[in-house]
Amino acid sequence: MLASERHQLILSLVREHGAIRLAELVERLGVTAVTVRRDVTELADRGLLTRVHGGVTLTRPRGGHPEPGRVASPFGPPMPGALVGMVAPSVEYYWPTVVQGAQSTVAAAGGRLVLRASSYDAAEDRRQITKLLERGVQTLLVAPATTGRGALDLLRWLGSLSVPVVLVERLPPPELPTLALDAATTAHALGAGLAVRHLVSLGHRGVGLMASRSSPHTPAVRTGWREAVASLGLEPRAALDLDIPAYGSPGWAAEYDALLDRCRRAGVRALLVHADREAIGLIERARDGGIAVPGELAVVSYDDEVAAASDPPLTAVCPQKHRLGAVAAELALARLAETAERPVHRLQLWPTLVVRESCGGAPERAQP
């Protein structure tokens, strides 16, 4: 029997019975348990059925109406004693401010946040989440790996947990289009567009990109940069799209010098650099190479972690990290408090642009 034929038969049986055990599917289809598990996983990923312990059921639409006379607060309900778990991929860069936002919101609601750090690895994410579940947390804020080995299985597992899960700065990949998890994210593509438009407003007709090789936000930043360059009709020759190694990594100075030389030869006089550390290192190498910033090269950084301390201070795209953590915690507490069916919430915050001296504009705060 072909896989497509098995899928149709499985769906037919689930529609007929409402729910069916995996063992019964093995018997009816005459295939191995491994084959059945693979089939139902594929169907569940496509949103055609729902996995439950030992079997499958029809996918039920999420949403519905609240109980008569009851209107739930959408954000931040009082939750005295609530224990909220959080797994962040780092506690050194970007994430401390996100954690602070979540912590302050949970504390204001009378609960407690318990933090564990991971390392952009699906197996480590699962280990840390399991520890929090053993600790007795009632809801989870998680920034899991969404690419690489084990990422899809991790996300499927998160979707099967009995406690509410909110993704932070992550969305399910296209392979899991109906994974019903709340999420709070930043509009990084829009932020990149803000940077490009600011540079164009200063008279630049070409804007290059230097993007971190390792950041999970790089694809969205690159997408926003490409869309802005295309929509504004900027010079293709100056639209260099370059990977930049981590500041301080082996051989970084020589690579930065080579990147600057490529920009010089292509006539690129404006750059969006992701992230702050790399932008600061680039300015250092530019200065040592006799390139004046902002006189000969305008630079906008992405992240605004330490951009203000640069010399010159960096104009930077600033994701609203504290508010992001707060919104994620509000979603988790609301999900925990509501007894009625609640639709999946996917909230996206816009970053802002902080104008300083690195691209020649007068210091001010520019809103999108």
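Close-up 1. Arg156 is partly exposed at 26% relative accessibility, a class lying between buried (under 20% relative accessible area) and exposed (over 50%), as computed with a 1.4 Å probe on protein chains only. In this predicted model, local features need pLDDT of at least 70 and side-chain atom pairs count only at pLDDT 80 or more, while totals for chains, interfaces and linings use all residues. Residues are numbered from 1 along each chain as its sequence is written, and side-chain values use heavy atoms, with hydrogens and water left out. Asp45 forms a salt bridge with Arg156, the closest N and O atoms being 2.6 Å apart; the term denotes a side-chain nitrogen of Lys or Arg within 4 Å of a carboxyl oxygen of Asp or Glu. The pair links distant parts of the chain, with Asp45 in helix H3 (residues 33-45) and Arg156 in helix H6 (residues 151-160), 111 residues apart. Helices (H or I, at least four residues) and strands (E, at least two) are DSSP runs, numbered from the N terminus. Asp45 is buried, its relative accessible area being 12%.

**Close-up 2. The salt bridge between Arg213 and Glu255.** The closest N and O atoms of Arg213 and Glu255 are 3.0 Å apart in this salt bridge. Arg213 lies in the loop between strand E9 (208-212) and helix H8 (218-231), and Glu255 in helix H9 (residues 252-266), so the pair ties together parts that are 42 residues apart in sequence. Glu255 is partly exposed, with a relative accessible area of 32%.

**Close-up 3. A network of salt bridges.** Arg222, Arg226, Asp241 and Asp243 are linked in this network. Within it, Asp241 forms a salt bridge with Arg226, the closest N and O atoms being 3.1 Å apart. Asp241 belongs to strand E10 (residues 241-244) and Arg226 to helix H8, 15 residues apart. Asp241 is partly exposed at 28% relative accessibility, as is Arg226 at 48% relative accessible area.

**Close-up 4. The open sheet E1-E3-E2.** Three strands form this sheet with antiparallel pairing, where two strands pair if DSSP finds at least two bridges between them. Strand E1 (19-21) and strand E2 (49-52) stand at the edges, each with a single partner strand, so one side of each is left without a neighbour in the sheet. E2 and strand E3 (residues 55-58) pair over four bridges, and Val52 has Gly55 in E3 as its bridge partner.
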